[in-house]
Amino acid sequence: MHELAITQSVVDSVCERAGRRPVRSVRVRVGVLTAVVPDSMRFCFGLVTEGTAAEGARLEIDQPPGAGRCRTCAVEFTLTDLILLCPCGSADVEITSGQELQIVSMEVG
């Protein structure tokens, strides 16, 4: 379950930035192609925030869809998984969205 390590890193970063102020909410962007399961991340968030400035904070997860562009035919299309295959049949695909994993914002105070 890699969500535990990822969530721990998020909480460590948020608590470091918050200093001694309590964290009320954290918003993260986790693209669908990262293979991070949002429900697992929420569960882990509750565990790893215990005893920290983020204990009791709300976790909000934005999950942008996957998108790619074919280098062969230049068509842009939605990716639902990491099988990178254009509708034209080409596997020469550039991922343009869906691999994000970032802290977007946090509310403190």
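Colleague: What covers the buried residues of H2?

Modeller: This is a predicted model, so to speak: local features need pLDDT of at least 70, side-chain atom pairs count only at pLDDT 80 or more, and totals for chains, interfaces and linings use all residues. Residues are numbered from 1 along each chain as its sequence is written, and side-chain values use heavy atoms, leaving out hydrogens and water. Helices (H or I, at least four residues) and strands (E, at least two) are DSSP runs numbered from the N terminus, and buried means under 20% relative accessible area, exposed over 50%, partly exposed in between, with a 1.4 Å probe and protein chains only. Going by contact (heavy atoms within 4.5 Å), the cover over those H2 residues includes helix H1 (2–18), E1 and strand E2 (58–62).

Colleague: How many degrees of arc do the buried residues of H2 cover?

Modeller: The buried ones in H2 are Pro38, Met41, Cys44, Phe45 and Val48. Because their arc, taken from the directions from the helix axis to the C-beta atoms, is so limited, they sit on the same side of H2; the arc is only 120 degrees.

Colleague: Are H1 and H2 parallel, perpendicular or oblique to each other?

Modeller: Their axes (lines fitted to C-alpha atoms over the stretch in contact, with angles from 0 to 180 degrees between N-to-C directions) are 9 Å apart and at about 55 degrees. The contact uses residues including Leu4 and Val11 of H1 and Met41 and Phe45 of H2. Under 35 degrees counts as roughly parallel, over 145 as roughly antiparallel, 65 to 115 as roughly perpendicular and the rest as oblique. H1 and H2 are therefore oblique.

Colleague: In what order do the three strands of the open sheet come?

Modeller: Strands pair if DSSP finds at least two bridges between them; E3 and E4 run antiparallel and have four, with Gly68 opposite Phe77 in E4. The pairing in the sheet is antiparallel, and the order is E4-E3-E5. The edge strands, each pairing on one side only, are E4 and strand E5 (93–97), which leaves the order as stated: E4-E3-E5.

Colleague: What is the phi of Ala74?

Modeller: Ala74 is in the loop between strand E3 (66–70) and strand E4 (76–79). Although Ala74 is not a glycine, its phi is positive, at about 70 degrees.
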